[in-house]
Each structure stands twice: as structure tokens, then as C-alpha cells.
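Q: I have just opened this one and would like a walk through it, if you have a moment.

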Amino acid sequence: MRPVIIDSGGANLASLQYALERRVVDIAEAWTLRGCEGREYPAVVLGFRGGDVEVQVQEPPVRAAARREGGEPRVEPGQAVRVRVAKADVETGEVALELAR
């Protein structure tokens, strides 16, 4: 984790606060899914982020991007899907999900 240096000459405090809050949530979500690699969970499609699908896992409550392989069927916002945990790294706060077939 890189330290954040606050520039007293005009750092955008709201932006810094958002980044810190997002980081805390990312670490908490990774902590929740630690050791769950390979497990599948029900989720709902929220939208799209780049080539990935943004999902909300129902239980445990985690919001993350799920990788969609090229041959995967199309999904739409609001659609129920299953996702598989590919990675949950507490140190970096990274959660990687994949759409399950």
C-alpha cells in the first residue's frame, strides 16, 4: 500500500475522503471473501465497467466487477447471475469475480 501525501497547497479533501472510503470498502470486501476462491454466489447485474459486468453479490454483500469471457451469454442490468470468486486479496483490497456458467 502506498502512503497518501496531503499537499497543504490545495488537495481536494472530498476526493481524498472518497478514495479513502473506497479503499476501506475494498479491503472489507476482500476480507469477507478471503479463502472463498472457487466458490459461487448469486448476484445481480448492476451495469457494465469496460468489458466487465458490475454485480452486487447478495450474500455476503459485495459489489465488484465480474470478468465475462468472450463466449459468455449477454446479460442485462437487473438479471440474476452466479459469480465465482477468482481472487480475494486483503492486502491490496482486490476482489476478482468471474461470471459462472
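What follows is a short chat about this structure.

Q: What are we looking at, and how many helices and strands are there?
A: This is a predicted model, and the protein in it holds one helix and five strands. Starting from the N terminus, the elements come in the order α-β-β-β-β-β.

Q: And what share of the residues counts as buried?
A: Of the 101 residues of the protein, 29% count as buried. As for contacts between residues at least 6 apart in sequence, 51% of them join residues at least 24 apart.

Q: Tell me about α1: how far does it reach?
A: Helix α1 takes in residues 13-33, which makes 21 residues, and from its first C-alpha to its last it reaches 30 Å, close to the 30 Å expected at 1.5 Å a residue.

Q: Which residues of α1 are buried?
A: They are E29, A30 and L33. Seen down the axis of α1, these buried residues fall within an arc of 95°, so they line one face of the helix.

Q: What do they pack against, and what sits on the face turned away?
A: The buried residues of α1 pack against β1 (40-49), β3, β4 (80-89) and β5 (94-99), while the face turned away from the buried side carries the exposed residues L13 and L20.

Q: What happens at the two ends of α1?
A: At the start of α1, a side-chain oxygen of N12 comes to within 3.2 Å of the backbone nitrogen of A14. Just after α1, G35 takes a positive phi of about 75°. In general, most residues other than glycine have a negative phi.

Q: Okay, rings now: how many aromatic pairs are there?
A: The structure holds zero aromatic pairs.

Q: Let's move to β5. Where does E94 lie, and is it buried or partly exposed?
A: E94 lies in strand β5, and with a relative accessible area of 37% it is partly exposed. Not counting residues up to four places away in sequence, E94 touches A30, K87, A88 and D89.

Q: How far apart are E94 and A30?
A: In sequence E94 and A30 are 64 residues apart, whereas in space they are 6.3 Å apart, taken from C-alpha to C-alpha. A30 is one of the buried residues of α1.

Q: And what joins the side chains of E94 and K87?
A: A polar contact of 3.0 Å joins those two side chains.

Q: What about A96?
A: A96 is also placed in strand β5, and at 21% relative accessibility it counts as partly exposed. Its contacts, again without residues up to four places away in sequence, are with R84, V85, A86 and K87. The C-alpha atoms of A96 and R84, which are twelve residues apart along the chain, are separated by 8.6 Å.

Q: Last topic: where is P60, and what kind of peptide bond joins E59 and P60?
A: P60 has its place in the loop between β2 (52-57) and β3 (62-67). The peptide bond that joins E59 and P60 is cis, with omega at about 5°. As a general point, most peptide bonds are trans.

Conventions
Residues are numbered from 1 along each chain as its sequence is written. This is a predicted model: local features need pLDDT of at least 70, side-chain atom pairs count only at pLDDT 80 or more; totals for chains, interfaces and linings use all residues. Side-chain values use heavy atoms; hydrogens and water are left out. Helices (H or I, at least four residues) and strands (E, at least two) are DSSP runs, numbered from the N terminus. The expected span of a helix is 1.5 Å times one less than its number of residues. Buried means under 20% relative accessible area, exposed over 50%, partly exposed in between (1.4 Å probe, protein chains only). The arc is that of the directions from the helix axis to the C-beta atoms. Contact means heavy atoms within 4.5 Å. A polar contact is a pair of N or O atoms within 3.5 Å; within protein, one must be able to donate a hydrogen and the other to accept it, and residues adjacent in sequence count only if both atoms are side-chain atoms. Rings of Phe, Tyr and Trp (its six-membered ring) pair if their centres lie within 6.5 Å; planes under 30 degrees apart count as stacked, over 60 as edge-to-face and the rest as tilted.
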